[in-house]
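Subject: Structure handover

Hello,

Here is the structure for your files. Please load it before reading on; my notes follow below.

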Amino acid sequence: MSALSRGLISRLHQHLLSLSRPSSSSPSASVAASTLLPFHLLARRLFSSDALMDGSQILQQQPSRIIQATPAIMTSNSKRTGLIAVKLGMTALWDKWGARLPITVLWVDDNIVSQVKTVEKEGIFSLQIGCGHKKAKHLTRPEVGHFRAQGVPLKRKLREFPVTEDALLPVGTSLGVRHFVPGQYVDVTGISRGKGFQGGMKRWGFKGMPASHGASLSHRSIGSTGQRDAPGKVFKGKKMPGRMGGKQRTVKNVWVYRIDPARNLMWVKGQVPGAEGNFVFIKDAVYKKPDVSELPFPTYFAAEDEDETDLEPLVADLGEVDPFMVAD
């Protein structure tokens, strides 16, 4: 509860107590106190500009947090924001040893900070990131009002990332693909492909019934699902046919192979959830934590004379030994 609300409630409580305690000096005071004012008249008197003066002064005394977009030193406890990307599809690349690498291409489409949440106001440190572009006619009125209140362009997708206090960024800060570095590990979250209603063999990997002898028109059946009289029921959570896919899934420890600052493209090794054109959310890996000395913190700030359109793609250092060769 804010300080303004607490001040108004305490003022209302004191006023009611004063009305319920008539003075014994005048006999008419008891009659006036017993007949209370209607609530709407009492509220109008209490919530007037004079009554709100005390609460406004309290709010003006609280200093507002100043957030600056300046480079800082990242610690082991620091937590950076993530990015929103569009999955473009799968491809294959060959390293210097001639090995074929399955690669997923991600496009970081014009990410900016659309809202900053702090402990003083929302009770948490987090950054809301906006991605893409969208027309006002394709957004709801609350969404358009939110973007206009923050003073940022209309965005197609929003995502909130919890951060630490030292990783806060001001509203409107642009985030590019150089927020990550080649060679680090990231966690990618997305909505998996929806496959509709599927049987137990495809959904859970059951081997099915015998394919030749002893099974009549039930080769892909899941078999028995319960017991006899004890307990005489099917337990909750039993793996059975049902809807498959279409859920949020996270692939952990995805290796960043290459980034292209000129086109805001990002190549990661392996597969990520979702179909082509879907949004995915990328953040620093939780388990395989990257080296804090190599990451830009709180994000990458380009120099004033730097032209990102002329930058060459950055490729991860594979070393002298092929990391993708199976050890003997």
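Strands here are DSSP runs of E with at least two residues, numbered from the N terminus. By that count, Thr189 belongs to strand 7, which covers residues 185-191. One caveat before the rest: this is a predicted model.

Thr189 first. Its relative accessible area is 7%, so Thr189 is buried. The cut-off for buried is under 20%. The side chain of Thr189 makes a polar contact with that of Thr250, at 2.9 Å. Leaving out residues up to four places away in sequence, Thr189 also touches a set of others, among them Arg159, Gln248, Pro273 and Phe279.

Next, Val268. This residue is part of strand 11, residues 265-269. Val268 counts as buried because its relative accessibility is 0%. Beyond four places in sequence, the contacts of Val268 include Pro102, Ile103, Thr104 and Leu106. Val254, Trp255, Val256 and Tyr257 are also among them. Pro182 is 86 residues from Val268 along the chain, yet their C-alpha atoms are 9.1 Å apart.

Now the rings. How many aromatic pairs does the structure hold? There is one. Trp255 and Tyr257 make up this pair, and its geometry is tilted. The centres are 5.8 Å apart, with 50° between the planes. Trp255 and Tyr257 are both buried.

Lys288 lies over the face of Tyr185, and here the distance to the ring centre is 4.6 Å.

Four strands build an open sheet with antiparallel pairing, in the order 5-4-3-6. Which strands stand at the edges? They are strand 5 (157-162) and strand 6 (174-175). Each has a single partner strand, so one side of each is left without a neighbour in the sheet. Strand 6 is joined to strand 3 (residues 111-117) by two bridges, and the two run antiparallel. Asn111 is opposite Leu175 of strand 6. Helix 5, residues 141-150, lies across strand 3, strand 4 (126-131) and strand 5. The helix runs at about 85° to strand 3.

Best wishes

Definitions and conventions
Residues numbered from 1 in each chain as written. Predicted model: local features only at pLDDT ≥ 70, side-chain atom pairs only at ≥ 80, totals over all residues. Heavy atoms only, no water. Phe/Tyr/Trp six-rings, centres within 6.5 Å; stacked < 30°, edge-to-face > 60°. Buried < 20%, exposed > 50% of the residue type's maximum accessible area, 1.4 Å probe, protein only. Lys NZ or Arg CZ within 6 Å of the ring centre and 35° of its normal. Contact = heavy atoms within 4.5 Å. Polar contact = N/O pair within 3.5 Å; in protein donor to acceptor, adjacent residues only side chain to side chain. Pairing = 2+ DSSP bridges. Axes fitted to C-alpha atoms, helices over the stretch in contact; angles between N-to-C directions.
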